[in-house]
Amino acid sequence: MTIPMIISLAVTVFMIYLIMTEKVPFGAPPIIACALMVLFGVTDIQTAFRGFSNPSIIMLASFMVIIAGLRKTSFIAKFQKVVVAMANKGGFKAYAMMLLVVMLGTSLFGTGSTAWYVMVIGLLSTIPSSENLPATKFIMPVGFACNHPLLPVNTALQFGYVLAVLEAGGAAMSVSLPKFAIANFILSAAFFAWCLFSYKLLPSRGVEGAETTSAAATTAAAEPQLTKTQETITYICFVLGIAGMILYSFIGDPGYALCAVAAAVLLFAGVLNFTEVRNEMGAPIILMSAGVIGVAEAMGVTGLTALVGETVAGMLGTNVNAFILIFVFCVLTSVLATLTGSTIGTVLIFAPMAVATCVNMGLNPTAAAAAIVVSGWNGHFLPIDGLPALCMGTGKYSLKEFWKFTVPQYFIRLLALTAGCLLMFPV
């Protein structure tokens with residue numbers, strides 16, 4: 001390992017330590033880590049702090065402003081009443097229903113859709129905490145449900161990468177899309193089962209750490225704070241923000257700029273004052289999300305990813321069990337995709353390695369290709385990516401609380417993914 005690799009690893013471990021021990025406020029550790037990366041010469045200052053000009057961060061900050069405006073509308077008041085009424089009838093039933101509804105929505109938006117999880121977690125943050133369903137019981141699991149379609153019909157992107165890595169690994173072949181979809185369903189089913197099981201393990205408090213209020217107190221939602229004209233403007237801005245996030249895939253940066261313009265309209269319309277807009281755009285979750293992008297990029301430029309992949313592939317050899325081979329590569333891919341922030345890049349490095357290894361062993365490499373591609377979107381054991389960071393920040397979870405849910409989730413998902421792919425594509 002080179003000196004820059006060792007330094008980048010040490011700084012990342014130090015950042016995780018600061019997050020875990022809460023010695024500094026939430027959002028500060030990645031900024032400190034970025035500064036250390038520059039100080040020790042791992043990367044330049046432009047790369048280290050590039051996250052603050054990242055399109056996704058601009059979008060996230062803008063959409064948080066839009067959600068702040070939406071919280072003042074009568075729609076959210078009614079939405080709160082409906083959810084609280086469900087919780088009062090049965091907190092666990094309401095929890096399971098929210099999971100299913102979000103997973104159905106994920107079926108339409110697709111795995112890892114930024115627009116979808118930002119919108120869902122934003123709406124979750126407006127639901128008041130009650131005795132029967134404290135906020136910390138549902139924000140994180142329902143947030144992660146945005147990564148798991150109940151009906152995996154929108155798998156075109158990942159399926160395309162499966163075909164690409166098979167070809168890159170020297171095993172170009174046709175793959176059954178329905179079988180690939182079933183393997184994804186097995187993954188989603190395992191995630192849903194873990195969420196149901198972990199319900200009692202999740203903390204029971206409001207997002208600010210205060211005691212939860214009584215059911216009677218939360219049933220009466222706050223009165224809307226806007227005029228009818230302001231409400232109409234807020235709804236239009238919300239729709240424009242969602243449209244901008246969706247259009248980003250087709251028109252690029254102007255899509256996210258549309259989200260920022262919609263946030264500005266709320267300021268001009270008096271829905272939010274400048275202090276409210278500033279607080280939302282500079283929230284700790286924005287600092288956390290922007291900072292970790294720089295840390296991830298700094299780790300990536302050192303060449304650590306390729307080195308680890310080559311080392312692990314050499315250690316596994318050609319006589320390893322197929323399940324172990326695929327599972328190890330899934331772990332490797334998901335870990336480094338999380339640490340480097342480059343899901344697609346990491347997948348395109350490790351999946352062809354695993355495919356070539358399977359070919360050399362005389363095994364059908366389809367299961368390996370499918371599992372490793374999907375594993376890139378199933379890390380989330382550290383709050384240094386958009387979805388997990390937003391879940392942790394919105395729910396105000398400590399790192400210990402976060403890991404209590406995400407570490408078992410991580411292994412359960414990868415084991416189910418490996419088993420599902422081997423079941424659909426026997427070696």
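Predicted model: local features only at pLDDT ≥ 70, side-chain atom pairs only at ≥ 80, totals over all residues.
Helix α7 spans residues 114-124, and because 10 of its 11 residues are buried, it is largely enclosed by the rest of the structure.

**Aromatic pairs**

- The count of aromatic pairs comes to 14.
- One of them joins Phe-63 and Phe-238 in a tilted arrangement, with 5.9 Å from centre to centre and 40° between the planes.
- Phe-63 belongs to helix α4 (residues 55-70) and Phe-238 to helix α12 (residues 228-251), so this pair ties together parts that are 175 residues apart in sequence.
- Both partners are buried: Phe-63 has a relative accessible area of 1%, and Phe-238 has one of 16%.
- Phe-92 and Tyr-199 make an edge-to-face pair, their ring centres 5.2 Å apart and their planes at 75°.
- Here Phe-92 sits in helix α6 (residues 91-109), while Tyr-199 is in the loop between α10 (177-198) and α11 (215-219), so the pair ties together parts that are 107 residues apart in sequence.
- Phe-92 is partly exposed, with a relative accessible area of 38%, whereas Tyr-199 counts as buried at 11% relative accessibility.
- Tyr-199 has a charged neighbour too: the charged end of Lys-137 sits over its ring, 4.9 Å from the centre.
- Elsewhere, ring pairs link Phe-144, Trp-194, Phe-197, Phe-402 and Phe-405 into a cluster.

**Salt bridges**

- Side chains of opposite charge can pair when their charged atoms come close.
- In this model the count of salt bridges comes to two.
- Arg-71 forms a salt bridge with Glu-280, and the closest N and O atoms are 4.0 Å apart.
- That pair links distant parts of the chain, with Arg-71 in the loop between α4 and α5 (74-89) and Glu-280 in helix α14 (residues 274-281), 209 residues apart.
- Arg-71 counts as partly exposed at 34% relative accessibility, while Glu-280 counts as buried at 18%.
- Glu-276 forms a salt bridge with Lys-72, where the closest N and O atoms are 3.0 Å apart.
- This pair also links distant parts of the chain: Glu-276 is in helix α14 and Lys-72 in the loop between α4 and α5, 204 residues apart.
- Glu-276 counts as partly exposed at 26% relative accessibility, and Lys-72 counts as buried at 12%.

- Met-1, Ile-3, Ile-6 and Leu-9 form a nonpolar patch on the surface, and together they have about 390 Å² of accessible area.
- Among these residues, Ile-3 is found in helix α1 (residues 3-21).
- Ile-3 is exposed, with a relative accessible area of 57%.
- Thr-2 and Gly-303 are 301 residues apart in sequence, yet their C-alpha atoms are 9.0 Å apart in space.
- Gly-303 takes its place in the loop between α15 (284-301) and α16 (304-316).
- With a relative accessible area of 29%, Gly-303 is partly exposed.

How values were computed:
Residues numbered from 1 in each chain as written. Heavy atoms only, no water. Helix = DSSP H or I, 4+ residues; strand = E, 2+ residues; numbered from the N terminus. Buried < 20%, exposed > 50% of the residue type's maximum accessible area, 1.4 Å probe, protein only. Patch = residues over 30% accessible without salt bridge, like charges linked within 9 Å, V, L, I, M, F, W, Y side chains within 5 Å. Areas by Shrake-Rupley, 256 points an atom, 1.4 Å probe, with all protein chains shown as cover. Salt bridge = Lys/Arg side-chain N within 4 Å of Asp/Glu carboxyl O. Phe/Tyr/Trp six-rings, centres within 6.5 Å; stacked < 30°, edge-to-face > 60°. Lys NZ or Arg CZ within 6 Å of the ring centre and 35° of its normal.
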